[in-house]
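Please read this report alongside the sequence and the 3D view. It moves from the fold to single contacts.

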Amino acid sequence: MAQLHTVIILSISLFSIQCFGLYFHIDDREERCFIEEVPDETMVIGKYRTQAKLPDGTFEETGRGFGIHVEITDPSDNIIMSKDYEGAGRFIFTSHDPGEHIICLHTNSSRWFSGRTIRVHLEILVGENANDYKLIAQKEQLSTVETRLFQLISQVKQISNEQAYQRTREATFRELSESTNQRVLWWSIAQATVLLLTAFWQVRHLKGFFEAKKLV
């Protein structure tokens, strides 16, 4: 069976929202991709679970023999992660370059699940929202005040990363705008030059025509 490739472009504004949850259906070996804009040095966590479609149209949780393959591509088109996972779990990666990261998932199932429609529940957490502060507090034995202080520090760091990323995007957009304006200017000059040369040629042609006919 030929592998199907369906790309869903889902761009998330980092200032307006830091996570999203959804579910989608995929067939055997079909691939779905999501584009996530991430600042540099930012942790991203994807939580997922899968359900297989039954003949009566309902869905049940997948068991052993079913898996998901996750592939992450950075803004430079370098694959920073390509790994097989079980039917439910999570994947984690940290961005090293700011920009659009492509997250692609496809089934990696045994013959038992081959050809069945799969429902994938996916939640992506970016930056500070990816931190599990209860788990961090238990692991590091932090008090409530220390946990809150750690959370505030993480939020400040995330805001700093987002501002740096937005400044980078603003500089890129400004360079693009200046380049476009310069091209428009030169194109306008070229058009005006062509029009003037055409008008000059028409005037000379008409003058020669009238002189040949001895009308002037």
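**Fold**

This is a predicted model. The protein chain has ten strands and two helices. The chain has 216 residues, and 32% of them count as buried.

**Salt bridges**

Side chains of opposite charge can pair when their charged atoms come close. Here the count comes to three salt bridges. The table lists them.

| Salt bridge | N to O distance |
|---|---|
| Arg32 and Glu30 | 3.5 Å |
| Arg169 and Glu37 | 2.8 Å |
| Glu61 and Arg49 | 2.8 Å |

Take Arg169 and Glu37, whose side chains form a salt bridge. Arg169 belongs to helix α2 and Glu37 to strand β3, so this pair links parts that are 132 residues apart in sequence. Which partner is buried? Glu37 is buried, because its relative accessible area is 10%. Arg169 is partly exposed, with 37% relative accessibility.

Glu61 pairs with Arg49 at 2.8 Å between the closest N and O atoms. Glu61 sits in strand β5 (residues 59–61) and Arg49 in strand β4, so the bridge ties together parts that are twelve residues apart in sequence. Glu61 has a relative accessible area of 45%, so it counts as partly exposed. Arg49 is partly exposed too, at 34% relative accessibility.

The side chains of Arg32 and Glu30 meet at 3.5 Å, N to O. Are these two residues buried or exposed? Arg32 is buried, because its relative accessible area of 13% is under 20%. Glu30 is buried as well, at 8% relative accessibility.

**Aromatic contacts**

A pair of aromatic rings is described by the distance of the centres and the angle of the planes. The structure holds three aromatic pairs. One of them joins Tyr48 and Tyr85, with 6.5 Å from centre to centre and 75 degrees between the planes. That pair is edge-to-face. Tyr48 lies in strand β4 and Tyr85 in strand β7, so the contact ties together parts that are 37 residues apart in sequence.

Tyr48 is buried, with 5% relative accessibility. Tyr85 is also buried, at a relative accessible area of 17%. Tyr85 has another ring partner in Phe91. Their ring centres are 6.4 Å apart and their planes lie at 50 degrees, so this pair is tilted. Phe91 is buried, as is Tyr85. Tyr48, Tyr85 and Phe91 together form one aromatic cluster.

A charged side chain also meets a ring. Which residue lies over the face of Phe59? That residue is Arg119, at 4.1 Å from the ring centre.

**The largest pocket**

Rolling a probe the size of a water molecule over the atoms shows where empty space is left. The largest pocket holds about 220 Å³ of space. Its lining includes Glu41, Thr42 and Met43. Thr94, Gly127, Glu128 and Asn131 are also among the lining residues.

By residue type, the lining divides into seven polar, three charged and two nonpolar residues.

**Backbone**

Most residues other than glycine have a negative phi, and most peptide bonds are trans. Glu41 is placed in the loop between β3 (31–38) and β4 (43–53). At 44% relative accessibility, Glu41 is partly exposed.

Asp77 is not a glycine either, yet its phi is positive at about 65 degrees. Asp77 is found in the loop between β6 (67–73) and β7 (79–86). Is Asp77 buried or exposed? Asp77 counts as exposed, because its relative accessibility of 63% is over 50%.

Methods. Residues are numbered from 1 along each chain as its sequence is written. This is a predicted model: local features need pLDDT of at least 70, side-chain atom pairs count only at pLDDT 80 or more; totals for chains, interfaces and linings use all residues. Side-chain values use heavy atoms; hydrogens and water are left out. Helices (H or I, at least four residues) and strands (E, at least two) are DSSP runs, numbered from the N terminus. Buried means under 20% relative accessible area, exposed over 50%, partly exposed in between (1.4 Å probe, protein chains only). Rings of Phe, Tyr and Trp (its six-membered ring) pair if their centres lie within 6.5 Å; planes under 30 degrees apart count as stacked, over 60 as edge-to-face and the rest as tilted. A charge sits over a ring if NZ of Lys or CZ of Arg is within 6 Å of the ring centre and within 35 degrees of the ring normal. On a 1 Å grid over the protein atoms alone, a cavity is a set of points where a 1.4 Å probe fits but cannot get out, and a pocket is an open set with protein on both sides within 12 Å along at least five of seven lines; lining residues have an atom within 4 Å of a point. Grid points are joined across faces, edges and corners, and a volume is the space filled by probe spheres set on the points. Ala, Val, Leu, Ile, Met, Phe, Trp, Tyr, Cys and Pro count as nonpolar, Asp, Glu, Lys and Arg as charged, and the others, Gly among them, as polar. A salt bridge is a side-chain nitrogen of Lys or Arg within 4 Å of a carboxyl oxygen of Asp or Glu.
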